[in-house]
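Colleague: Hi! I'm new to this one, could you walk me through it?
Modeller: Happy to, let's open it up together.

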2 protein chains.
Amino acid sequence: MKNAETTIAKLTEVGIRRYSMIEEGDRILVAVSGGKDSTALAYDLAMKRKWWPARFEIRAIHIATDFCSCCKKSALFELLDSWDIAHVSIDVPVIGRLKPGKSMNCWWCSTQRRTELIHYALAEGFNKVALGHHLDDMVETLLMNMLYKAQISGMLPVVKYNKYPLSVIRPLALCEERQIIAFADEKGFRSAVCTCPYGLESKRREVRGRISSLTGGSSELKRNLFDSMSKVNQEYLA
Amino acid sequence: MKNAETTIAKLTEVGIRRYSMIEEGDRILVAVSGGKDSTALAYDLAMKRKWWPARFEIRAIHIATDFCSCCKKSALFELLDSWDIAHVSIDVPVIGRLKPGKSMNCWWCSTQRRTELIHYALAEGFNKVALGHHLDDMVETLLMNMLYKAQISGMLPVVKYNKYPLSVIRPLALCEERQIIAFADEKGFRSAVCTCPYGLESKRREVRGRISSLTGGSSELKRNLFDSMSKVNQEYLA
């Protein structure tokens, strides 16, 4: 194993154990977009499947939209095949489902795709859905909620649905984005990234720059922001 | 009343009411350093004393240290006299009390001064201590705790001591620093500011710059950070 791969493998191992993400007999559906994060996640879980103490099954799912023609699906599927990961692709007409007069937005698009993901998982008997969010995403969510929603609220490494026999797990929770980029570069799968054609993610990009100013680029301070979510001193919050 | 003065008067009024800071018969000890914040606070409380529905008494206390000779005490006392605020000064030998081999630090200095403040308040029968912290201080404390202590913890507008019949109130909680600066400029009392000769506050200054990058200088986003402390979504924090 090369350097960046070892880093990711260790951090996901710590995260999976710390948050009890994987249990014996789990059937895990891995959402893969073709981007570096979920591709790294799929690879990592495929490797862990070989030796992890609890036995688990994985299948990758790609949710294609009616506006995405750039995501290089075949390159992604070749990678998944080479790692012996079964995969499926579902088409969700995100534009087609827009009500007249409504324009595309992140909330609509992600809700549509998340709904399909959950339906597929339930129909096929999966009990976990693995998503590729990493530490930077989670810190970003916390600060976006504070800055724009005026509330302290984050993104959890594990979320159990009340309505369904299903949990969302985020095994990359302890990995920084720069570590995933290094890993993707090392493995050579960085090219399958697909970006939003609507440019709707501009606010998130802006916030990314601001968070980077806040931490001065320090990984230690960024990890402190992440860790703060599990140490809430309610007595000193109004 | 001029413009900046009105702004401060309104914001402190909202703050005092929202957090129930002043009650009938309160004896309030106002800590004054000679800096713009606590001077603005003393002035504002002196004005409110004339018409506020609940009657209250104020006295100003200046805690002088053995390293501060720059604080222009007499200028401060003249201002307090002109506003009809009784005042007292106490000398605390912060350097003198350092144990051999220990060097000066913010924690030691502020603990020594806070202890004297509380002792004086209790000995003289005050039930509230008013401090000049403003909204920027409170947002700064939140983010410093997140960045350096890895915990979500803030500074409250009102803190009731369990050990003593005493509360700390921060009537400037809803005022931004820039609003207090404008007010101090308008009233012409900005010159009595005393800065730490040890330069120990450099980390706080650095954090101030970083927070400013985080909010892009937007007051709205800064107020959202402040408001987030009263909307903690525990369900989405690990």
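**A chat about two chains**

Modeller: Let's start with a loop: A:S20 sits between α1 (3–18) and β1 (26–31) of chain A. Keep in mind that this is a predicted model.

Colleague: What is the phi of A:S20?

Modeller: A:S20 has a positive phi of about 45°, although this residue is not a glycine. Most residues other than glycine have a negative phi.

Colleague: And is A:S20 buried or exposed?

Modeller: Exposed: A:S20 has 11 other C-beta atoms within 10 Å, and the cut-off for exposed is 12 or fewer.

Colleague: What about B:S20, where is that one?

Modeller: B:S20 lies in the loop between α1 (3–18) and β1 (26–31) of chain B. B:S20 has a positive phi of about 45°, and with 10 C-beta neighbours inside 10 Å it counts as exposed.

Colleague: Changing topic: how many residues does each chain bring to the contact?

Modeller: Chain A gives 28 residues and chain B gives 28 residues. On the side of chain A that touches chain B, the largest share, five residues, comes from α8(A). That side of chain A divides into 15 nonpolar, ten polar and three charged residues.

Colleague: How do α5 of chain A and α8 of chain B pack?

Modeller: Their axes are 6 Å apart, at an angle of about 110°. Angles of 65 to 115 degrees count as roughly perpendicular, so that is how α5(A) and α8(B) are arranged.

Colleague: Which residues meet there?

Modeller: A:M146, A:L147 and A:Y148 in α5(A) meet B:L221, B:N224, B:L225 and B:S228 in α8(B). By class, this contact has five nonpolar, two polar and no charged residues.

Terms used:
Residues numbered from 1 in each chain as written. Chains lettered and ligands numbered in written order. Predicted model: local features only at pLDDT ≥ 70, side-chain atom pairs only at ≥ 80, totals over all residues. Axes fitted to C-alpha atoms, helices over the stretch in contact; angles between N-to-C directions. Helix = DSSP H or I, 4+ residues; strand = E, 2+ residues; numbered from the N terminus. Parallel < 35°, antiparallel > 145°, perpendicular 65-115°, else oblique. Contact = placed C-beta atoms within 7 Å. Nonpolar A, V, L, I, M, F, W, Y, C, P; charged D, E, K, R; others polar. Buried ≥ 20, exposed ≤ 12 C-beta atoms within 10 Å, placed from the backbone.
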